[in-house]
Amino acid sequence: MTAEPRLPLRPVIEAVLEQYVLDPVEIHGVPHWARVLENGRRLAAMTGANPKVVQLFAVLHDSRRLNEGHDPDHGQRAAEFALSLVGGLLDVSAAEAGLLAEACAGHTHLPTHPDMTIQTCWDAD
């Protein structure tokens with residue numbers, strides 16, 4: 001396994017936390033994002049998934065939760081938030097932005113995906 005490049009995620013995390021409405025140390029907060037990030041980095045090295053998308057998914061997928069319980073639209077809200085950062089904080093191609101948005105939008109209600117990057121995001125979560 002080769003080490004995947006690590007993105008400078010601090011600015012993205014800071015942008016998330018500026019608008020995050022929940023306690024950042026609760027179930028879906030920063031400790032969870034860190035676990036998904038570590039899982040994702042390891043999985044991406046094995047699956048060949050796009051490491052940039054996987055790392056960004058880790059810190060964005062639960063960024064728009066309104067509560068720690070049932071919040072079926074949080075993935076779609078996270079996808080929209082992620083897309084709003086493209087061209088600013090997120091230096092990603094159009095294809096990467098699409099993968100990131102799709103991974104965020106579907107992570108709570110779809111069990112599998114044929115795209116390895118999206119599936120790796122979900123498996124990391």
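**Close-up views of a predicted helical model**

**View 1. Helix α4 passes helix α5 in a right-handed crossing.** The model shown here and in the other views is predicted. The axes of α4 (residues 74-85) and α5 (residues 94-106) come within 7 Å of each other, and the angle at which they cross is roughly 160°. Angles over 145 degrees count as roughly antiparallel, and α4 and α5 are therefore roughly antiparallel to each other. On the α4 side, the contact is made by G75, Q76, A78, A79, A82 and L83. On the α5 side, A97, L100, A101, C104 and A105 take part. Sorted by type, the residues of this contact are 9 nonpolar and 2 polar, with no charged residue.

**View 2. Helices α1 and α3 cross at roughly 25°.** The axes of these two helices come within 10 Å. Angles under 35 degrees count as roughly parallel, so α1 is roughly parallel to α3. The crossing of α1 past α3 is right-handed. From α1, the residues V12, I13 and V16 meet L56, V59 and L60 of α3. The contact of α1 with α3 consists of 6 nonpolar residues, with no polar and no charged ones.

**View 3. The largest nonpolar core has 35 residues.** The residues with the most contacts inside this core are L56, F57, L60, L90, L100, C104 and C121. Six helices each supply at least two residues of the core: α1 (10-19), α2 (30-47), α3 (51-60), α4, α5 and α6 (116-124). Two of the core residues named here, L100 and C104, also belong to the α5 side of the contact with α4. Likewise, L56 and L60 are among the α3 residues that meet α1.

**View 4. F57 is one of the residues with the most contacts inside the largest nonpolar core.** Which residues does F57 contact, leaving aside its neighbours within four places in sequence? The partners of F57 are V36, L100, A103, C104, H107, C121, W122 and D125. Among these partners, L100, C104 and C121 are, like F57, listed with the most contacts inside the core.

**View 5. M46 lies in helix α2.** Is M46 buried or exposed? The relative accessibility of M46 is 57%. Exposed means over 50%, so M46 counts as exposed. M46 and T120 are 74 residues apart along the chain. The C-alpha atoms of M46 and T120 are separated by 9.7 Å.

Definitions and conventions: Residues are numbered from 1 along each chain as its sequence is written. This is a predicted model: local features need pLDDT of at least 70, side-chain atom pairs count only at pLDDT 80 or more; totals for chains, interfaces and linings use all residues. Side-chain values use heavy atoms; hydrogens and water are left out. Axes are lines fitted to C-alpha atoms, for helices over the stretch in contact, and angles run from 0 to 180 degrees between N-to-C directions. Helices (H or I, at least four residues) and strands (E, at least two) are DSSP runs, numbered from the N terminus. Angles under 35 degrees count as roughly parallel, over 145 as roughly antiparallel, 65 to 115 as roughly perpendicular and the rest as oblique. A crossing is left-handed if the near helix is turned anticlockwise from the far one by less than a right angle, and right-handed if clockwise. Contact means heavy atoms within 4.5 Å. Ala, Val, Leu, Ile, Met, Phe, Trp, Tyr, Cys and Pro count as nonpolar, Asp, Glu, Lys and Arg as charged, and the others, Gly among them, as polar. A nonpolar core is a set of buried Ala, Val, Leu, Ile, Met, Phe, Trp, Tyr and Cys residues joined through side-chain atoms within 4.5 Å. Buried means under 20% relative accessible area, exposed over 50%, partly exposed in between (1.4 Å probe, protein chains only).
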